[in-house]
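Me: I am new to this structure. Please take a close look at how its parts pack against one another, and go through it step by step.

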Amino acid sequence: MAEIDLKQLLPYGDTTQDGAVQLSFTLPIEPSAKAREAATQIVRNWGFFDIRIAHMSSIGIGYAFFVVMARAEKSVDYTKVEAPQLDLQKRDYKEIDKKILQDVKRPIRLVGACTGFDAHTVGLDAILNMKGFDGDIGLERYKGFKVVNMGSQVPTDELIDRAVKENADAILLSKVVSQKDIHIHDMRELIASLKKRGLERRFILVVGGPRITHKLALELGYDAGFTIGSRPSDVANFLYEKMIEKKNAKNKK
Amino acid sequence: MYSKRLPLDERKISRCRKIAAEIGNEVGLLIHKNSTVGIERGILRLLGLNGALKHQGLQYPVANLIVDQLRESKRLNEGALFWVANAILEKNISITDLEKGIAEREINIGKVSSHDIKKTKKFAQDLASKAFQNLKAYRGTRRKTMTQHGDPLREKRPLKYVIVATGNIFEDITQAKSAVNDGADIIAVIRSTAQSLLDYVPHGTTTEGFGGTYATQANFRVMREALDELGSKVKRYIRLTNYCSGLCMGEIAALGSLEGLDCLLNDAMYGILFRDINPRRTLIDQHFSRMICSVSEIWIMTGEDNYMKTTDAVKAGDQVLASQFINEVSALNAGMKPEQMSIGHAMEMDPSYEKVVLMEIARAQMTRQIFPEAPLKYMCATKYKSGDIFTAHALDTVFNLIGSMTNQGVLLLGMPTEAIHTPWMQDRSVALRNINYILNGSLGLSEEFGYNTEGFIAKFSQKVLDDCLKLLERIHKEGFFKAIEKRVFADVSRTINGGKGADGVFEIDHDVYMNPFFKLMGSKI
């Protein structure tokens with residue numbers, strides 16, 4: 001096997017360091033020789049080379065669909081990449097439920113919402129609704145959680161009010177829209193409002209969304225960040241462990 | 001031995017239908033005694049009272065205002081129709097002037113003095129008959145367009161159903177046009193998040209929905225016009241779908257009828273279990289909405305596929321089938337024909353199970369045989385899809401093939417990006433290419449093979465039917481509402497007086513109240 005140069009990490013197609021990438025996208029123009037050339041140039045502008053338009057076809061009226069194979073030259077130094085990762089033991093919902101009832105001895109109270117203008121509840125619902133995500137059932141179905149799902153476009157202060165009223169253990173914030181970094185703005189707002197009300201240590205704070213990383217969440221003062229592909233059981237696991245951690249810390253005092 | 005049909009015991013199927021009918025009677029008693037604000041607003045919509053007024057910065061429908069006024073003056077249990085007729089006679093004005101007067105706050109329908117009751121009742125009856133004739137006229141126009149453009153049903157293959165969900169009705173039209181061009185037969189405009197919980201229907205064309213576009217009369221109209229224009233070009237009638245669950249079932253059915261909707265996702269059970277809508281409210285509303293659908297020849301589409309998403313889909317077969325029987329009987333009670341019942345189910349079993357494809361074929365074929373005339377709505381896999389778009393596409397291919405070989409009525413196309421976002425234009429196009437290949441390539445497949453009458457598929461389907469019969473017996477014994485409370489469906493508990501919209505149900509004063517549409521539309525309750 002060829003040596004992999006981690007200082008210059010590149011995608012792998014069939015040859016080490018070949019930088020092979022497959023892309024698919026649609027342009028709002030009819031397919032033609034000109035459209036093909038336009039697609040090639042646009043992909044080149046993105047920083048790829050050795051561009052092959054593998055497929056071009058018409059979609060609907062006035063649109064062209066492309067599948068493109070290309071190579072990337074810009075690499076990343078993997079030895080310098082940092083991404084704090086939640087190190088959680090994998091448990092399924094039955095096990096988590098059992099552990100919560102055994103160790104916490106009551107359901108964990110959780111209030112979730114999409115704040116600000118964000119009306120995309122898809123992530124929040126994937127974690128909280130019974131249906132869950134990819135076969136992993138939502139926290140509402142757990143006996144170990146008492147969930148309040150406030151839905152979308154909830155003002156930050158209302159979320160805090162509700163968390164106080166429910167005597168919540170944790171707040172789950174979901175941020176899907178990230179235009180103009182609105183997700184970061186809204187995440188900061190929650191932290192600032194909690195501080196203003198002297199509640200910054202009261203709740204376990206968890207945030208999730210496609211542009212959220214654990215690293216970003218920690219930087220902004222959250223306890224954990226969950227990105228796309230996270231399962232309800234991941235969130236459940238984290239909350240369980242955090243509850244135990246808090247309990248132990250309290251006992252030590 | 002091999003047979004074209006699965007060996008299902010017909011006596012068991014009849015027994016299921018019989019129990020479902022008795023459950024239907026339990027609901028019928030409620031419908032007989034009560035009406036709802038939703039039904040009253042639906043009646044007003046049928047009469048043509050479809051305007052709106054500015055109200056605290058919002059467009060508030062006149063139909064809502066009328067019901068609010070009647071409620072305030074304690075006239076609601078005598079019915080909106082009666083009091084509209086009364087106001088028109090007493091004031092000696094046209095219905096259009098009445099609407100204008102109410103919108104401009106010059107008339108409060110709750111305060112108009114009483115006219116002669118007998119005359120009012122006769123006039124109310126005439127108003128209703130006229131509205132009913134109107135509906136029939138709209139239906140006539142639709143039928144004509146359908147014949148002119150050509151109904152894809154004649155091609156004897158499942159209809160291809162795709163969604164558009166941009167939040168902007170005009171962007172939705174661009175997406176819909178593209179889909180039709182790639183072969184879609186049914187366009188479903190996904191409704192804005194949580195619209196089902198609004199106790200009114202928003203007004204006007206809208207460009208700012210979330211995760212979907214608001215269902216409004218104006219949005220229905222612009223999409224219908226776009227599809228008709230395209231349908232005449234591609235020589236294929238394109239069906240339009242929207243949502244008719246939630247707190248405005250009657251109104252949406254009425255508006256859908258006026259604006260040429262062909263299918264409505266209409267299922268009180270869905271509202272009860274997954275939207276926490278009051279069971280009494282939504283079951284009563286549902287009956288009225290289905291009466292309207294029956295007259296307007298709108299297909300209802302039921303949401304049983306959702307049960308499989310919340311519980312283990314392998315075990316949920318009995319719930320799905322039981323709910324399908326209940327949905328069937330409640331549609332029959334509203335005067336619907338089986339050909340209008342797009343009964344729902346889905347391919348949602350865990351794809352990692354051995355023989356899972358056999359199990360899915362068993363379910364799909366069993367449903368086909370039990371509801372032979374229904375244009376069954378078969379929903380693609382969603383629960384076990386992740387961000388892996390390539391594997392998702394493989395699941396969809398199998399789904400399409402099962403849909404084809406078991407002759408489903410409507411295939412709700414799966415998207416490779418199902419678990420990521422509402423579909424992009426290219427996602428839909430790729431999904432349509434997949435299904436076009438499968439439907440074309442497997443045309444007539446069901447005529448070529450038989451089922452092993454002693455085989456795994458036969459046995460699996462027989463077990464679902466057996467379990468369903470037991471479940472229905474249990475539901476009947478407990479009482480329908482008690483059973484829902486005890487988590488019979490989807491592992492969710494709801495109580496008869498709980499949930500949203502409960503205060504919208506009221507007892508009818510049978511001496512005065514009239515809803516002639518029950519008789520006109522052929523309600524069996």
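Reply: An angle from 65 to 115 degrees counts as roughly perpendicular. The model discussed here is predicted. In chain B, helix α1 (residues 10-33) packs with helix α11 (residues 279-296) at an angle of about 85°. α1(B) and α11(B) are therefore roughly perpendicular to each other. The axes of these two helices are 10 Å apart. On the α1(B) side, the residues that meet α11(B) are Val27(B), Leu30(B) and Ile31(B). On the α11(B) side, they are Arg280(B), Leu283(B), Ile284(B) and His287(B). Sorted by class, this contact has 5 nonpolar residues, 1 polar and 1 charged.

An open sheet in chain A has 5 strands, in the order β5-β4-β6-β7-β8, with parallel pairing. β5(A) and β8(A) (224-226) stand at the edges with a single partner strand each, so each has one side without a neighbour in the sheet. On average, and with direction ignored, neighbouring strands of the sheet are turned by 20° against each other.

Strand β4(A), residues 108-113, has β5(A) and β6(A) beside it in the order of the sheet. The pairing of β4(A) with β5(A) (residues 145-149) is parallel and rests on 5 bridges. Val111(A) has Val148(A) of β5(A) as its bridge partner. β4(A) also runs parallel to β6(A) (residues 170-174), and 4 bridges join the two. Here Ala113(A) stands opposite Leu173(A) of β6(A). A residue is buried if 20 or more other C-beta atoms lie within 10 Å of its own. In β4(A), 5 of the 6 residues are buried, so the strand is largely enclosed by the rest of the structure.

Further along the sheet, β7(A) (residues 204-208) and β8(A) pair in the parallel sense over 3 bridges. Val206(A) has Ala224(A) in β8(A) as its bridge partner. Helix α7(A), residues 232-252, packs on this sheet and touches β4, β6, β7 and β8 of chain A. The direction of α7(A) makes about 165° with that of β7(A).

Ile160(A) is found in helix α4(A), residues 156-165. Ile160(A) counts as buried because it has 23 C-beta neighbours inside 10 Å. Leaving aside residues up to four places away in sequence, Ile160(A) touches Ser193(A), Leu194(A), Arg197(A) and Leu199(A). Among these, Arg197(A) is 37 residues from Ile160(A) in sequence, while their C-alpha atoms are 9.4 Å apart in space.

The two chains also touch each other. Their contact takes 19 residues from chain A and 21 residues from chain B. On the chain B side, the elements that give two or more residues are α7(B) (169-181), α12(B) (305-310) and α16(B) (425-441). The residues of that side divide into 9 polar, 6 nonpolar and 6 charged.

A last point concerns confidence in chain A. The mean pLDDT of chain A is 91, and 96% of its residues reach 70 or more. Within chain A, confidence is highest in helix α1(A) (residues 33-45), at 98, and lowest in helix α3(A) (residues 122-128), at a mean of 84.

Definitions and conventions. Residues numbered from 1 in each chain as written. Chains lettered and ligands numbered in written order. Predicted model: local features only at pLDDT ≥ 70, side-chain atom pairs only at ≥ 80, totals over all residues. Axes fitted to C-alpha atoms, helices over the stretch in contact; angles between N-to-C directions. Parallel < 35°, antiparallel > 145°, perpendicular 65-115°, else oblique. Contact = placed C-beta atoms within 7 Å. Nonpolar A, V, L, I, M, F, W, Y, C, P; charged D, E, K, R; others polar. Buried ≥ 20, exposed ≤ 12 C-beta atoms within 10 Å, placed from the backbone. Pairing = 2+ DSSP bridges. pLDDT = per-residue confidence, 0-100.
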